[in-house]
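Subject: Model for your pocket notes

Hello,

Here is the model we spoke about, with the pocket results below it. Please look it over when you have a moment.

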Amino acid sequence: MAKIDNIAGSKVRIEIEVTKEQFDHGLDHAFNHVKDSVEIKGFRKGKVTRSVFERHYGVESLYEEAINHVMQDTYGEAIMSNDLEVVAQPKIDLDITKVEQGKGFTYVAEVAVKPVVTLGEYKGLEFEKLSEVVTDEQVDTEIQKLQEQNAELALKEEGTLEDGDTAIFDFKGSVDGDFFEGGTAENYELKIGSKQFIPGFEEQMVGMAIGEEKDVNVTFPENYQAENLKGKDAVFHVKLHEMKVKELPELTEEFVKELEKEGIDSIAALKTDAREKLQVALIAENKNKRVDFVVTEATNNSSFELPEEMITEEKNRLMDNVTQQAKQYNLDLDTYLGFTGISKEDFEKNLLNDAARSISYNLVTEAIAKKEAIEATEEELDAKLLELAAQYKMGIEQVKASINPEAVKHEVVYKKTIDFLESSLVIK
Amino acid sequence: MLASEIIKRPIITEKSMLLVEELNKYTFSVDKRANKVQIKKAIEELFDVKVTKVNKIKTAPKLKRVGQHTGFKAEVVKAVVTLAKDNTIEIFSA
């Protein structure tokens, strides 16, 4: 029998009474479980009788296993029969000294449940009208990007080296007069301003003319990868051979043709194409803005208590994702974070925030879906499955077998709810 | 002989436990000089039960060698004691 109390923080306190029979059953189960691995003189392995076993090891040795078994049964039963939506592992409180063979016992489980969401205002929220027009400047920037992508390096015969130019030069590096390994190269190609070299190197090369030789004085940074060079002052003798400058191709009909884009053979067509693409992106972006706004508002207007366990669990899930990602690059999490330049504390804090937010959004949309009776139809589910099948390049039967139908349903409903919310916005 | 001299210890093995469960027979290790009547009386005195039958089993001493030295594994005499209905001996059950 179970007694249920709601306590603060969207938690539930369940007091569960275990009867003598249930506990005896648990003991039997525990004995059957350990029996096979017990060896007592006079008995073959796994053939020992209960009474002999208990005399040897004491009936107490079965308690832990029996209690676990009984708890699993009774706790599960309590959750089922009371329709609790548990979202985390329970915290169980039991005074083990009070457990005795031939008697029942009572234990208390505290568990986080899905919080009850009190919805606030979510329909007919006001949102400013967003411009859906792609400007000429945007189209021009897009085309300029294309030009830059197709830029060619041209020799620069005159003048001096400038930021953004590419230099071809020899260099010989020395520390305290000694040449060091990897410090020399001939005909090296370097884009000035690309920050490939030690800080200060590229800057000092600016202003050199072809054929000029110069000593560049730099200090290796403290975090340089070579141990023996860390923090050392070095002199590089540099000789500039050639300079190259990036030359943008002119926007002509030929240029458009050279791009070899399908169906585009004139400047006008290129512009229209760019405009269309930008239009699609803009509409999607606007939709995202509206969705973001309405979901955030709806969440802010609702009230609910997020249980901490739920957030922690979601956080751990997110963290696993990141760890997996890092693994793909053969890195462990700490190194990965080192590269991104985020401290572990900040990273965890961010994850916690993300976790809390995504749970809140989910809870609120779920509550709205329930209130508005938004459900997924069979056709919609099938469509989603087909989509997934295409995405993973699997047969539909395979997808059905490997995916939890509830999850698919959840996703479809979520999307419908979002659409519903968006269309309910009052655009001003 | 004293009853406690005749009865040495209970024999608790898979087989003896089976006999207890199915036939109400209890197996003990006994002094080899004791006869069945003495065993019956000793059991009745020690455990306060009614004995209907006693069977004796002698396991012959087995020759054992440790290097040069030879010796014998101890001779064990077992007595399988059948009790009257509803009589039990505590030390065999829990």
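Which helices of chain A each supply at least two residues of the lining of the second largest pocket? They are α8 (308–328), α10 and α13. Please keep in mind that this is a predicted model.

The second largest pocket has a volume of about 640 Å³. It is lined by 17 residues, and Met310(A), Glu314(A), Asn362(A), Glu366(A) and His410(A) are the closest to its centre. With five residues, α10(A) gives the most to this lining. By type, the lining of the second largest pocket has seven nonpolar, three polar and seven charged residues.

The largest pocket holds about 910 Å³ of space. Its lining counts 35 residues, and those nearest the centre are Glu85(A), Lys114(A), Glu366(A), Ala367(A) and Lys370(A). Here the largest share again comes from α10(A), which provides eight residues. At least two residues each come from β1 (2–7), β2 (11–18), α10 (344–371) and α13 (405–424) of chain A. The lining of the largest pocket splits into 17 nonpolar, seven polar and eleven charged residues.

On domains, the largest pocket takes at least three lining residues from each of domain 1 (2–112) and domain 3 (267–427) of chain A. The second largest pocket likewise draws at least three from each of domain 1 and domain 3.

Regards

Definitions and conventions: Residues are numbered from 1 along each chain as its sequence is written. Chains are lettered from A and ligands numbered from 1 in the order in which they are written. This is a predicted model: local features need pLDDT of at least 70, side-chain atom pairs count only at pLDDT 80 or more; totals for chains, interfaces and linings use all residues. Side-chain values use heavy atoms; hydrogens and water are left out. On a 1 Å grid over the protein atoms alone, a cavity is a set of points where a 1.4 Å probe fits but cannot get out, and a pocket is an open set with protein on both sides within 12 Å along at least five of seven lines; lining residues have an atom within 4 Å of a point. Grid points are joined across faces, edges and corners, and a volume is the space filled by probe spheres set on the points. Helices (H or I, at least four residues) and strands (E, at least two) are DSSP runs, numbered from the N terminus. Ala, Val, Leu, Ile, Met, Phe, Trp, Tyr, Cys and Pro count as nonpolar, Asp, Glu, Lys and Arg as charged, and the others, Gly among them, as polar. Domain bounds come from an automatic or database domain assignment.
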